[in-house]
Amino acid sequence: MKRYLIFGLLFWVSIGFSQVNFVIESLPESTPAEDFIYIAGSFNNWDPGNSDFKLQKNSENKWAIQLAAQANGTTIEFKFTRGDWGKVEKDINGNEIFNRVFIFGNGETVPVEIANWADVSGGNSTAAENVAVMDNDFFIPQLQRSRRIWIYLPPNYGTSEERYPVLYMHDGQNIFDAYTAFAGEWQVDETLNQLAAEGKNVPIVVGIDNGGGHRMDEYSAWVNSIYGGGEGDAYIRFITETLKPHIDQTYRTKSDAANTGIMGSSLGGFISHYAVLRYPDVFSRGGIFSPSYWYSDSVWAFSESHGNYSQQRFYQNVGSEEGASTIAHLNQMRDLLMAHGFTTDNLFSEVVQGQGHNEVFWKGEFRQAYLWLFNDFANGTTQLLNENSALISPNPATEQIQINLPQLDSLNIYNNEGQLVLSQKNSLKVSIQTLKAGVYHVEIYSQGKILTSKFVKL
């Protein structure tokens with residue numbers, strides 16, 4: 001026994017292991033006295049509220065934590081939080097800071113100064129004027145917890161009568177506002193506003209904050225024996241059963257699956273993939289950036305057996321610097337989907353050279369992804385016509401309406417609540433006998449244009 005103990009000590013010394021003790025020497029005055037401080041980094045999957053990495057007060061009443069020993073030369077990246085990424089440390093002006101870096105062997109006690117916090121720093125929000133926090137504590141009955149929800153409305157929302165597609169996005173902290181972002185924002189609002197200025201049509205975007213320590217659980221429908229998971233279906237049911245009905249009732253949306261998308265990165269891409277395949281009657285468009293297909297092998301059998309491939313559109317990508325296995329998984333999923341009904345018309349899959357697993361990459365890809373996923377809507381020429389227009393006759397109508405155009409590709413009819421009630425292709429005469437009496441909105445696709453009108457059913 002002593003021989004093994006001596007060998008172990010010699011091995012420790014020869015390899016060179018050391019520990020590190022981080023001590024918070026100063027905190028901003030705005031730090032709430034009742035809050036705890038956590039360290040999150042590459043050593044704990046960037047979990048911002050892991051109880052195993054909660055700092056404790058030392059004998060000098062300073063927050064401190066000692067990390068497990070690592071071989072000298074081991075590099076870690078990290079930041080300090082107060083339990084979630086909405087409460088991450090910032091610089092003195094409330095701006096994002098680079099990850100802290102420590103190399104084991106460079107001292108056993110490291111003093112730390114925290115200049116500011118994201119939520120109480122008084123820093124300036126970078127969100128556009130047409131972005132708002134819809135609710136700071138929107139309840140998730142499926143998981144018995146609450147979440148902040150963001151809403152982006154198109155620039156012309158307040159001056160039009162139009163209805164809009166909706167894109168749901170995960171990791172809401174990161175998509176609109178650098179002030180709340182973990183490692184820089186996607187600038188979704190600035191990108192869409194620029195597209196609108198260029199004459200493109202843009203959607204409503206709903207941002208859902210991640211759950212901090214619950215992120216891995218919520219962003220996978222299957223359990224990973226090391227990292228957790230398994231709450232993904234409940235999380236998506238929250239979107240489909242609770243959040244989406246609220247959005248559709250509150251805002252002028254096009255509520256059908258053809259006009260509803262979902263998007264995210266990393267595990268957010270993983271759960272977006274699941275959502276579109278599991279609930280094709282709700283989502284038809286998936287933005288899947290740097291997807292974590294490695295998280296569960298169940299994704300492969302699931303992807304073979306689910307989906308309505310003729311109506312779904314997937315945009316998936318990874319950066320060339322994300323690792324050989326990540327690229328291999330993306331290509332494997334591409335081949336699987338193509339073998340089960342996807343075509344190049346509804347599946348975009350790309351390895352982007354020189355890019356890594358980060359917000360800079362995803363921000364740069366958002367514009368192209370949106371324009372590909374929502375191509376028909378984004379590039380359509382929308383002309384709003386009133387119910388007295390000769391486009392539809394007779395109006396009011398009882399049993400049938402006539403579309404007064406030389407050619408009709410397709411049309412959708414929505415009730416006054418924005419629900420799709422009738423869809424038809426290639427016929428200028430439309431039977432409306434099954435519709436209840438009321439006012440209906442019509443979306444007409446003809447020769448590359450989108451025309452909208454109304455009619456009254458008697």
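## A briefing on a predicted model

R285 has R313 in strand β18 as its bridge partner. These two belong to a parallel pair, in which five bridges join strand β17 (residues 285–289) to β18 (residues 313–319). The model is predicted, so local features need pLDDT of at least 70 and side-chain atom pairs count only at pLDDT 80 or more, while totals for chains, interfaces and linings use all residues. Residues are numbered from 1 along each chain as its sequence is written, and side-chain values use heavy atoms, with hydrogens and water left out.

**The whole protein**

- The protein has nine helices and 27 strands; both are DSSP runs numbered from the N terminus, with helices (H or I) of at least four residues and strands (E) of at least two.
- Along its principal axes, the C-alpha trace spans about 95 × 50 × 40 Å.
- Of the 458 residues, 52% count as buried; buried means under 20% relative accessible area, exposed means over 50%, and partly exposed is in between, using a 1.4 Å probe and protein chains only.

**How confident is the predictor?**

- The mean pLDDT is 88, and 93% of the residues reach 70 or more; pLDDT is the predictor's confidence in each residue, from 0 to 100.
- Over residues 4–13, pLDDT stays under 50, and the model has three contacts for them beyond four places in sequence.

**The eight-stranded sheet**

- Follow the order β10-β11-β13-β12-β16-β17-β18-β19 to trace an open sheet of eight strands with mixed pairing; two strands pair if DSSP finds at least two bridges between them.
- Strands β10 (131–140) and β19 (347–352) are the edges, each with a single partner strand, so one side of each has no neighbour in the sheet.
- On average, neighbouring strands of this sheet are turned by 15° against each other, direction ignored.
- Helix α4 (residues 232–250) packs on this sheet, where it touches β10, β11 (145–152), β12 (166–169), β13 (204–208) and β16 (260–265), and its direction makes about 125° with that of β10. Axes are lines fitted to C-alpha atoms, for helices over the stretch in contact, and angles run from 0 to 180 degrees between N-to-C directions.
- Helix α5 (residues 267–278) lies across β16, β17 and β18, at about 155° to β16.

- From its first C-alpha to its last, the 19-residue α4 reaches 25 Å, close to the 27 Å expected at 1.5 Å a residue; the expected span is 1.5 Å times one less than the number of residues.
- At L243, α4 bends by about 40°, and the proline P245 follows within four residues. The bend at a residue is the angle between axes fitted to the seven residues ending there and the seven starting there.
- The buried residues of α4 include Y235, F238, L243 and I247.
- Helix α8 (residues 359–373) has 15 residues and a reach of 20 Å between its first and last C-alpha, close to the expected 21 Å.
- A kink of about 40° in α8 is centred on F366, and F366 is one of the buried residues of this helix, along with others including W362 and W372.

**A three-stranded sheet**

- Strands β2, β5 and β7 form an open sheet in the order β2-β5-β7, with antiparallel pairing.
- Each edge strand, β2 (38–41) and β7 (100–103), has a single partner, so one side of each is left without a neighbour in the sheet.
- Here neighbouring strands are turned by 40° against each other on average, direction ignored.
- Four bridges join β2 to β5 (residues 75–81), and Y38 has T81 in β5 as its bridge partner.

**Two residues to look up**

- R215 lies in helix α3 (residues 215–218) and counts as buried because its relative accessibility is 18%.
- Leaving out residues up to four places away in sequence, R215 touches D171, N210, S265, S266, L267 and G268.
- V421 sits in strand β24 (residues 420–425) and, at 34% relative accessibility, counts as partly exposed.
- With residues up to four places away in sequence not counted, V421 touches I413, Y414, N415, L435 and Y440.
- V421 and I432 are eleven residues apart along the chain, and their C-alpha atoms are separated by 10.0 Å.

Terms used: Contact = heavy atoms within 4.5 Å.
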